[in-house]
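Please look at the sequence and structure before reading on.

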Amino acid sequence: MVRIELLDGTTDPKFGTALRMSFAEIAKYHPMEVSVAPGSTDYVGYNQVKNAEKGAFNSRRNQLHATRFLCNMIENDNGLYGINTMILTEQDIYDDGLNWAFGGVKSDAAGGKHLILSVARLNNLEALTHTGIHELGHIYGAAGDLRRSNTESNLGPHCTNFCVMEQKLDVQLMLEQSRRLSSKKDKFCYQCINDIMNYRGI
Ligand SMILES: [Zn+2]
Ligand SMILES: [Zn+2]
């Protein structure tokens, strides 16, 4: 059983609600427990996100530095060290060498994985669900098996099959991919499904 701490730093419940389907897609292959119901009001989580944003926000760029933010979340007294988190932010995010991103992931030394997902460019809720599945796939080691041939390592391990773990670094391409996958019952390819089923981490 993998437990994921969900921290929703947005004011509109529609974003968290859109993630329900993301969690459900993973739960088909590996049991999971989510700390709060996606889309419900969680003042504690919201305030933790807002506090961590303060030290990581670049007002010149009007963007949040993803890695710095995730470090703040882990280092602040939030009790998140060594566990898995999915964090929603309203801010547009960037990182070293990246002008912007939909999301990012950072591991801590105790094996906890911390995901950030920005809704700033994802007002299309179907695309948010799609990106949520992709980011959760990273927690579950999807496309991470180095013995696999059809993967590529670019900002984390990604899949080269027709699969939600393909990497799309362009809003338009990602929207097209999400539309193409919407008619498909399973969003992961069989190899990524295998990765998720065999995941042995926390
Ligand atoms: Zn990715
Ligand atoms: Zn795949």
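The model is predicted. Mean pLDDT over the chain is 91, with 96% of the residues at 70 or more. Strand 10 (residues 151-153) has the lowest mean among the elements, 68, while strand 3 (residues 57-58) has the highest, 98. Where pLDDT is low, the predicted coordinates should not be read in detail.

Strand 5 (residues 84-89) is mostly covered, with 6 of its 6 residues buried. In a regular strand the side chains alternate between the two faces of the sheet. Here both faces are covered: Asn84, Met86 and Leu88 are buried on one side, and Thr85, Ile87 and Thr89 on the other. Its pairings with two other strands are tabulated below.

| Partner of strand 5 | Bridges | Direction |
|---|---|---|
| Strand 1 (residues 2-9) | 6 bridges | parallel |
| Strand 9 (residues 113-118) | 5 bridges | parallel |

Thr89 of strand 5 is the bridge partner of Gly9, and Ile87 stands opposite Ile116 in strand 9.

Helix 6 (residues 171-182) has 12 residues, and at 1.5 Å a residue these should span 16 Å; the end C-alpha atoms are 16 Å apart, in agreement. Met174, Gln177 and Ser178 are buried in this helix. Viewed down the axis of helix 6, its buried residues fall within an arc of 100°, so they line one face. An α-helix has 3.6 residues a turn, so residues three or four places apart point the same way. The cover over the buried residues of helix 6 includes helix 5 (125-139). On the face turned away from the buried side, helix 6 carries the exposed residues Gln172, Leu173, Glu176 and Arg180.

How values were computed. Residues are numbered from 1 along each chain as its sequence is written. Chains are lettered from A and ligands numbered from 1 in the order in which they are written. This is a predicted model: local features need pLDDT of at least 70, side-chain atom pairs count only at pLDDT 80 or more; totals for chains, interfaces and linings use all residues. Helices (H or I, at least four residues) and strands (E, at least two) are DSSP runs, numbered from the N terminus. The expected span of a helix is 1.5 Å times one less than its number of residues. A residue is buried if 20 or more other C-beta atoms lie within 10 Å of its own, exposed if 12 or fewer, and partly exposed in between; C-beta atoms are placed from the backbone. The arc is that of the directions from the helix axis to the C-beta atoms. Two residues are in contact if their C-beta atoms, placed from the backbone, lie within 7 Å. pLDDT is the predictor's confidence in each residue, from 0 to 100. Two strands pair if DSSP finds at least two bridges between them.
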